[in-house]
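Please keep the sequence and the structure at hand while reading.

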Amino acid sequence: MCLAIPMKLLEVQGVRGTVELGGVRKEIMLTLTPDARIGDYVIIHAGYAIEILDEEKAQETLDLLREISEESTDGTANLLS
Amino acid sequence: MEPLTYFRDAHVVRQIARETAHLHLSQPVQLMEVCGGHTAAIYRYALHDLLPPEIKLISGPGCPVCVTSNDFIDRAISLAMLPDVTIATFGDLIRVPGSTRSLADMRARGADVRVFYSPADALEWAKAHSERTLVFLGIGFETTACTLAATIAEALRNKVENFSLLSALKTMPEALRVLFTAPDAQVDGLILPGHVTTIVGWHAFEFIAREFSIPCVVSGFEPVDLMETILMLCRQVAEKRASIENQYRRVVQKQGNVRAQELIREMFEPCDMSWRGFGVIPESGLKLRSSYSQWDAENVSVEVEPTQEDAACRCGDVLRGRIHPTQCALFGTVCTPDTPRGACMVSAEGACSAVYQFSSGHHGQ
Ligand code: SF4
C-alpha cells in the first residue's frame, strides 16, 4: 500500500489532479495537499496526494549521496537492473 | 531531476553498508521496522546480506493487513452475506483467513466483494450504484485514515448515503508504546514508518527515544534511504545516544501534514482497537464520530461467528518481533503465499511473505 514513489503533478481541477511517472498517468485527489502546484512532485497513498516532495531537501540528500558515490567507480549501477 | 536512480544506486548502498561495518559495533544490534513498505523493500533488495552479522533487522506491527484481527474479518464476512451489501477493500485483505473463512471464500460463493485502489474510487462506484450499500473496510494506519476521512467528508458533501465505513483504523504510537513497555522487548533502534510520519509528524514519536532510550530514524523507502537510516541508527548506538532523526527530510516534517491531521480529528475519535498479536490496545484505533454514525457500518447489526485463532500460526509473535518467520513450524511447508495460513503470509508487506519470496532458497518459487 505504501507506494513511495513521487509522481509529477501535471493538471489540477479543483481537488482532483493528474500525476505522471514514467509515462503512466493517474487521477488522484489533492484534498490533503491544497498547496500542491502543477510541476510539484507529490507522494501518493491510496489515490490521495499525502505530501509535496521538498525538492531542495531531496537535492541536499542527493548531493550527499553523490559525494559517497564519487569515491566509487561510476556510480551508475542500478539495483533495479 | 531523476531522483530514483540515485536512491537505488547499488554502489551507494554498498558504500553506506561498508561505513556501517566500519563502526565495529561490539554488541549485537537489533533494528526494527514498523512499516510494511519497509519490510518489502528490505527483503526485495536483500539489504540484510550487505550488513555485518552483528546487525539484525526484524519486523514489527507495521503491515496493516497483518495486524487486522480475526474478529474484524469475521464481521466483514457477515456483512458480505447481506443481500444488498457490496464489500470494498484493498487487495490483500481478501485472502486473509478469518476464524473459519476469508472474504475470497465468500466471493467464490457469490458475495459482492470488490477491490479498490483508492477509497475515492469506491465512493464513485457507490454514486453510480445507489441500489447497493457499499461498506469500505478501513484497514491501515494514519496514512490511510486521512484518505478515508477525506472520502467520507466528500460523501457528506455529496450526500452519498450508500457509502459506509467499517473501521479497523489504527494509530501507530500507542502500539509502539505497548511493544516497548513489554519486558521482552529487544529493540536497539527503530526505523520509523516514513508515511505514517508524513501525516503525524516526527514529533509524535519523540517519546520513544525519550522514554525508552531507543534511537529512532524516520526513513524513506528506497534502498539508499533504508541503508542510510540503518547507518544513522548504528551511529547512535555506537555513540550511546537515543534521539529522533529524520532521514526522509524530502517528505517528512516535524509537525506532519496538518491538513490531514485536522481531517482525521474532524471525522474520527480515538477508540480501543484490537490488534493481531497484541489484543486490545486502549485508544489505539479510530472510529467515526457519532455525528457521522450514518456512515458507520459498525451500526449495522449482524450476527458474527465466535472468534477463533489458528493456534499453529505464529503471526502474533512475528508481529511483535519475537520470532523470525522461519521459526514458525508452518513456514514454507504448510504455509506459503499460495496456501497462506496467516495474514503475514498473505500480504505482500507481511514479514512471512517477504521472507518467503525474497530469501535465498525460495527464489523463483
Ligand atoms: S509462516 Fe504462516 S503460519 Fe507461520 S506465522 Fe507466518 S503466516 Fe502464520
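**Loop residues and sheet of chain B**

Ser213(B) sits in the loop between α11 (206-212) and β8 (216-218) of chain B; helices (H or I, at least four residues) and strands (E, at least two) are DSSP runs, numbered from the N terminus. This is a predicted model, in which local features need pLDDT of at least 70, side-chain atom pairs count only at pLDDT 80 or more, and totals for chains, interfaces and linings use all residues. Residues are numbered from 1 along each chain as its sequence is written, chains are lettered from A and ligands numbered from 1 in the order in which they are written, and side-chain values use heavy atoms, leaving out hydrogens and water.

**Confidence**
- Chain B has a mean pLDDT (the predictor's confidence in each residue, from 0 to 100) of 93, and 97% of its residues reach 70 or more.
- The model scores are ipTM 0.91 and pTM 0.92.

**Positive phi**
- Most residues other than glycine have a negative phi.
- Ser213(B), not a glycine, has a positive phi of about 55 degrees.
- Ser213(B) counts as exposed because its relative accessibility is 52% (buried is under 20% relative accessible area, exposed over 50%, partly exposed in between; 1.4 Å probe, protein chains only).
- His24(B), also not a glycine, has a positive phi of about 45 degrees and lies in the loop between α2 (10-21) and β1 (29-33) of chain B.

**Sheet**
- In chain B, 4 strands form an open parallel sheet in the order β4-β3-β5-β6; strands pair if DSSP finds at least two bridges between them.
- The edge strands are β4 (112-115) and β6 (163-169) of chain B.
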